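Hi everyone, thanks for coming. I'd like to walk you through one structure today, starting with its charged pairs and then moving to its cores. Have a look at it on the screen.

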Amino acid sequence: MKLISATPSPYARKVRITLAEKGIAFDLQTEIPWDSTTKTPEFNPLEKLPVLIPDKGKPVYESHFILEWLEAKYPAPQYYGIHPRTQDDLLFAKQVEVVSDGMCDACVMLFFEKQRENPSKEWNARQMRKVEGGLKALSEWVGEKEFLIEDRLTLADIAAGSVLGYMSVRFKMIPWREQYPNLATYVDRLEERDSFKNTKPSPQNITDKIV
């Protein structure tokens, strides 16, 4: 199995954390999907990462669907299960993922808007409202708990931890750790897990922009 990933990608990190927690071996291939030399379109018609390429079968793409695919193909009890035990908790976990991924989307749009010659203040303000709204929601949901649901790591924590880790790399200027100290405590605990330690995001240099 091979995972095509971008090193700072919070979406790819969700998949890498899940693979690690489940104990599934894979080869990691790093790509920059924004460069003209990218091979991403060969595997994903949407030209987005991450892409998981099984030993047999078609490539699997979009992080939320990859996690669904992994949970279906490598279920508990043989493998670690990232889905909560009850339907209501699973629905809530997916809601957390929607908010976390929405924050990621807004952060990515902010990042690329900054690359423009004349960035739109209105566009940036709209994206920042999404990020701030997401942080507020995550803070309320986390409270003082170690994990968002049950007493173990689930999809909800993987999604929330990934976006907070991404913001720590790309958006250090946003003082969310001071504004929401419970989120800082929460994500710092997550980062102590091997699956998080070994997947820390790092910046990439876009050398030949085609966006």
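Predicted model: local features only at pLDDT ≥ 70, side-chain atom pairs only at ≥ 80, totals over all residues.

Residues are numbered from 1 along each chain as its sequence is written, and side-chain values use heavy atoms, with hydrogens and water left out.

How many salt bridges does the structure hold? The count is 13.

One of them joins the side chains of Glu97 and Lys14, at 2.8 Å from N to O. Glu97 sits in helix α3 (residues 87–113) and Lys14 in helix α1 (residues 10–22), so this pair links distant parts of the chain, 83 residues apart. Helices here are DSSP runs of H or I with at least four residues, strands are runs of E with at least two, and both are numbered from the N terminus.

Lys14 also meets Asp101 in a salt bridge, at 3.0 Å from N to O. Asp101 belongs to helix α3 as well, and this pair is 87 residues apart. Are these side chains' residues buried or exposed? Glu97 and Lys14 are buried, and Asp101 is buried too. Buried means under 20% relative accessible area, exposed over 50%, and partly exposed in between, with a 1.4 Å probe and protein chains only.

Now for a pair within one helix. Lys136 and Glu140 form a salt bridge, their closest N and O atoms being 2.7 Å apart. They are four residues apart in helix α4 (residues 121–142), which means about one helical turn separates them. Lys136 is partly exposed at 44% relative accessible area, while Glu140 counts as exposed at 53%.

On to the nonpolar cores, meaning sets of buried Ala, Val, Leu, Ile, Met, Phe, Trp, Tyr and Cys residues joined through side-chain atoms within 4.5 Å. The largest has 50 residues, and Leu52, Leu70 and Leu135 have the most contacts inside it. Helix α3 gives the largest share, ten residues.

What does Leu135 touch, leaving out residues up to four places away in sequence? Its partners are Met103, Leu164, Met167, Trp176, Tyr180 and Leu183, where contact means heavy atoms within 4.5 Å.

Notes:
Salt bridge = Lys/Arg side-chain N within 4 Å of Asp/Glu carboxyl O.
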